[in-house]
Amino acid sequence: MSAFPTNLFTGQRIAVLGLGRNGLAAARALGAMGARVQAWDDTLDKAPVPAPAGVEFAPFADLSGFDALVMSPGIPHTLPAPHPVAAMARAAGVPIVSDAEFLFRAVRRAGSRARFVGVTGTNGKSTTTVLLAHLLHHAGIPAIAGGNLGPAALSLPLLPDNGIYVLEMSSYMLERLDSLHFDAACLLNLTPDHLDRHGDMAGYTRAKLHVFDRQGAGDLAVLGDTVPDCAHLATGLRSRGIDVKVVGGDADAPDMWVRDGMLRDGAGVIADLAHATSLPGTHNAENAATATAIALWLGCPRDMIDTALASFDGLAHRQKTIGTIDGIRFIDDSKATNADAAARAMACHDRMIWIAGGIAKAGGITDLAPLFGRVAHAFLIGRDAPELARTLQAHNVAHTIVGTMEHAVPAALAAARTQGVPVVLLSPACASFDQFTGFEARGLRFAELVATLDTP
């Protein structure tokens with residue numbers, strides 16, 4: 001791993017809108033690679049900060065003469081309404097691209113033939129991304145994970161020819177690619193999410209399928225067997241000469257599957273997932289199958305997969321046990337920002353105290369009804385707690401609107417003690433931005449509060 005040359009984008013003028021984790025890294029890296037960068041974020045009006053070398057902080061009045069606009073993923077360029085700077089770029093004929101696109105351009109301009117893997121899906125992206133990088137490291141293959149889960153794409157170093165970039169790709173990022181070619185790409189699953197940004201499920205699906213753009217003979221596409229119309233999609237990809245594997249977390253997937261806890265393919269058993277204690281549940285079996293299929297294709301020895309999966313420590317905020325009090329496990333699954341993600345965690349426990357709420361996605365928690373029988377009591381936080389309460393009331397689930405995490409955590413411990421429930425699960429099924437800066441902050445606050453609980 002090394003730094004990128006300083007002249008890769010000399011002569012190019014690049015605009016960067018949004019200076020969060022992705023945008024600031026993009027502005028800094030592109031300036032360091034020789035581009036003339038103008039960047040802006042509305043927060044700079046209230047809290048000015050010094051600009052990095054090679055970067056000018058200034059609001060945009062006209063994008064004529066710019067070569068590209070890099071917009072932070074959370075800023076819309078079409079639906080629900082295009083940001084004014086995005087409209088300005090369109091009027092000037094300036095391409096709107098992702099920071100991942102510029103990482104690919106930088107790697108190729110630097111002369112590296114490092115390969116790229118794109119990981120997408122509604123749920124499981126982060127775990128699969130980091131797990132795949134873990135498997136590659138275990139095999140001694142230079143690899144680094146980043147993208148949507150962090151670190152930002154343009155904060156990653158230059159890898160050598162045998163290196164592999166494993167990038168988690170959100171639907172927002174996938175809409176803004178131009179030349180990025182994934183040697184291997186996967187679509188884990190597909191359930192309704194971000195419909196405000198994509199218009200409807202068809203638009204969301206189209207965005208996700210961009211991960212397979214520019215793939216052809218010699219490339220790998222991995223599909224989760226629950227992806228809608230999976231067989232038809234696989235046939236279409238194979239018609240382009242792509243090697244396609246359809247995998248799953250149960251016994252029904254054709255190319256790699258799990259039976260009796262054993263990860264298998266047509267050649268036999270690959271790993272005993274009972275050893276992989278940080279990968280509980282069918283959904284994590286699906287993640288393990290996907291990461292393994294790609295790892296084997298990239299050259300990982302088959303006989304090291306079992307040990308590598310067993311040594312995986314899991315990710316923060318993804319079904320992570322952060323404390324035990326009186327035999328009651330407190331589990332942080334703050335990454336569950338929609339009902340489908342929450343269902344995956346809830347299905348791992350027979351009985352739980354559930355902390356949920358925030359900004360509900362389309363459909364709320366209605367789809368979780370088959371799991372409500374596992375909930376001894378729900379404590380609801382955030383903006384849409386009343387909406388969730390109405391659903392729980394309709395299904396006779398005991399619940400209390402407590403409003404904040406500060407009230408939910410001690411109430412959850414008291415209820416677990418009283419009712420003899422072994423698990424307190426934070427799996428909100430909602431976005432976090434009404435009360436927190438993101439799911440990470442929500443999970444960290446949960447852990448802080450658990451650490452302060454009395455343990456008589």
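**View A. Strand 4 and strand 5 pair in a predicted model.** Strand 4 meets strand 5 in the parallel sense, over 2 bridges. The model is predicted. Across this pairing, Leu69 stands opposite Ile96 of strand 5.

**View C. Helix 1 spans residues 21-32.** Helix 1 has 12 residues. From first C-alpha to last, helix 1 reaches 17 Å, close to the 16 Å expected at 1.5 Å a residue. Just after helix 1 comes Gly34, with a positive phi of about 100 degrees.

View D. Which residues of helix 1 are buried? They are Asn22, Gly23, Ala25, Ala26, Ala27, Ala29, Leu30 and Gly31. An α-helix has 3.6 residues a turn, so residues three or four places apart point the same way. The strands packed against by the buried residues of helix 1 include strand 1 (13-17), strand 2 (36-40) and strand 3 (55-57). Strand 4 (68-71) and strand 7 (143-147) are also among the packing partners. Helix 3 (99-109) is another partner of these buried residues.

View E. The loop holding Asn338 lies between strand 16 (328-332) and helix 11 (339-346). Is Asn338 buried or exposed? Asn338 counts as buried because its relative accessibility is 3%, and buried means under 20%. A polar atom of the Asn338 side chain lies 3.2 Å from the backbone nitrogen of Asp340. The backbone nitrogen of Ala341 lies 2.8 Å from a polar atom of the Asn338 side chain.

**View F. Asn338 also contacts residues beyond its sequence neighbours.** Neighbours within four places in sequence are left aside here. Asn338 is then in contact with Thr122, Asn123, Asp193, Lys361, Ala429 and Cys430.

**View G. Gly150 lies in the loop between strand 7 and strand 8 (164-168).** Gly150 has a relative accessible area of 18%, so Gly150 is buried. Along the chain, Gly150 and Ile365 are 215 residues apart. Their C-alpha atoms are separated by 28 Å.

Notes. Residues numbered from 1 in each chain as written. Predicted model: local features only at pLDDT ≥ 70, side-chain atom pairs only at ≥ 80, totals over all residues. Heavy atoms only, no water. Helix = DSSP H or I, 4+ residues; strand = E, 2+ residues; numbered from the N terminus. Expected span 1.5 Å × (residues − 1). Buried < 20%, exposed > 50% of the residue type's maximum accessible area, 1.4 Å probe, protein only. Contact = heavy atoms within 4.5 Å. Polar contact = N/O pair within 3.5 Å; in protein donor to acceptor, adjacent residues only side chain to side chain. Pairing = 2+ DSSP bridges.
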